[in-house]
Amino acid sequence: QEGGVTVLRPTDLSEMLAAGTKEVHEKAENTEFVKDFLRGRIRKELFKLGHVALYFTYSAMEEEMERNKEHPDLAALYFPHELHRRDALARDLQYFYGEDWQDQISLSPATQRYVERIQQIGRDQPALLVAHAYTRYMGDLSGGQVLRKVAQRAMKLPPTGEGLNFYQFDGIHSAKAFKQLYRSRMNELELDSHTKQKIVEEAVLAFQFNMEIFGELEKVGKSLQDDVLDAAPVHG
Ligand code: 1FH
């Protein structure tokens, strides 16, 4: 605000969300799948499946935000040009799977549960969509550039950015500045403390849905490994 300095209070939604999801964020960062990813141990098959899950998740989230864009608790957080990821993910999936990508993808059980929750929230408690948008978009704006580099190197994707559109926010010049704007917009919402508390709880739930998807990918990774072992010649 004054002089460009933003004063944050513990009752500000942005602070409540950061504090309330700190523990579950650490837990998410420490899942096997994520640690492997950060070490550059990413199999393309798993990366593709991760993108499929993100495509269904963002499609649901952005459809519900579109439907509720005039809702007073959401209008200030409606940035389709800057944030929306559905089209970027569709381009990545077309790159990975080809023209008929839509016929090749399907909802995993954990993705389906996540999508159903988002749809239910969109219908019954649209204010809680704030939690889902916060969890995904603030996360993407925070770790996106690092993950983009890791993924590009590990899978030897073209430096032109094909397959990596998800990480590329063309409408945002400074992720840091945009996150500050987004936080101040969240803090300007007129919400009572009960609703703010509900939003924090929903954000923890959103992290858990993401972790369930990582868990599924881990399992698929293990079964791919087993296939390789089964196919290996037995010596001796
Ligand atoms: Fe994160 N995240 N994140 N993160 N993240 C940060 C902020 C947020 C990692 C690092 C950082 C996920 C994943 C990973 C959020 C959600 C999610 C910041 C602080 C760092 C350093 C940046 C800042 O303050 O400017 C690393 C490393 C990750 C693993 C690779 C996933 C789990 C997201 C949730 C679905 C959110 C909401 C924030 C904003 C906090 C705030 O309020 O300021 C990650 C895991 C990414 C697995 C990919 C795969």
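Reader: Which helix does arginine 86 lie in?
Author: Arginine 86 lies in helix H6. Bear in mind that this is a predicted model.

Reader: Okay. What does arginine 86 touch, leaving out residues up to four places away in sequence?
Author: With those left out, arginine 86 touches Tyr58, Ser59 and Glu62.

Reader: And how far is its C-alpha from that of threonine 57?
Author: The C-alpha atoms of arginine 86 and threonine 57 are separated by 8.8 Å, though the two residues are 29 apart along the chain.

Reader: Is arginine 86 buried, exposed or partly exposed, and why?
Author: Arginine 86 counts as partly exposed, because it has 19 C-beta neighbours inside 10 Å. Buried would take 20 or more.

Reader: So how do H4 and H6 sit against each other? What's the angle?
Author: Helix H4 covers residues 44-67 and helix H6 residues 86-97, and their axes cross at roughly 150°, coming within 9 Å. H4 is therefore roughly antiparallel to H6, since angles over 145 degrees count that way.

Reader: Which residues make that contact?
Author: From H4 you have Lys48, His51, Val52, Leu54, Tyr55, Tyr58, Ser59 and Glu62. H6 brings Arg86, Leu89, Ala90, Asp92, Leu93 and Phe96. By class, the contact of H4 with H6 has eight nonpolar, two polar and four charged residues.

Reader: Left-handed or right-handed, the way H4 passes H6?
Author: Left-handed.

Reader: New topic: the ligand. Which residues come nearest?
Author: There are 17 residues around the ligand, and Ala18, Ala28, Met138, Gly139 and Ser142 come nearest.

Reader: Which helix gives the most to that shell?
Author: H9, with eight residues.

Reader: And which helices supply at least two residues each?
Author: Those are H1 (13-20), H2 (22-29), H3 (32-38), H9 (129-155) and H11 (193-231).

Reader: What's the shell like by class?
Author: The shell around the ligand has nine nonpolar, six polar and two charged residues.

Reader: Back to H9, then. How do the axes of H9 and H10 cross?
Author: The axes of H9 and H10 (residues 175-187) come within 10 Å and cross at roughly 165°. That angle is why H9 counts as roughly antiparallel to H10. H9 passes H10 in a left-handed crossing.

Reader: Who's in the contact of H9 with H10?
Author: On the H9 side, Val130, Met138 and Leu141; on the H10 side, Ala175, Phe178, Lys179, Tyr182 and Met186. They divide into seven nonpolar, no polar and one charged. Met138 of H9 is in this contact, and Met138 is also one of the residues that come nearest the ligand.

Reader: What about H4 and H9, how do those cross?
Author: The H4 and H9 axes cross at roughly 155° and come within 13 Å. So H4 is roughly antiparallel to H9. The crossing of H4 and H9 is left-handed.

Reader: Which residues are involved there?
Author: H4 contributes Lys44, Phe47, Met61, Glu64 and Met65, while H9 contributes Leu129, His132, Ala133, Arg136, Ala151 and Met155. The contact of H4 with H9 divides into seven nonpolar, one polar and three charged residues.

Reader: Last one. Where is lysine 156 found?
Author: Lysine 156 is found in the loop between H9 and H10. Its phi is positive, about 50°, although it is not a glycine.

Reader: Is lysine 156 buried or exposed?
Author: Lysine 156 counts as exposed, because it has 8 C-beta neighbours inside 10 Å, and 12 or fewer is the cut-off for exposed.

Note on methods:
Residues numbered from 1 in each chain as written. Predicted model: local features only at pLDDT ≥ 70, side-chain atom pairs only at ≥ 80, totals over all residues. Near = placed C-beta within 6 Å. Helix = DSSP H or I, 4+ residues; strand = E, 2+ residues; numbered from the N terminus. Nonpolar A, V, L, I, M, F, W, Y, C, P; charged D, E, K, R; others polar. Axes fitted to C-alpha atoms, helices over the stretch in contact; angles between N-to-C directions. Parallel < 35°, antiparallel > 145°, perpendicular 65-115°, else oblique. Left-handed = near helix turned anticlockwise from the far one by under 90°. Contact = placed C-beta atoms within 7 Å.
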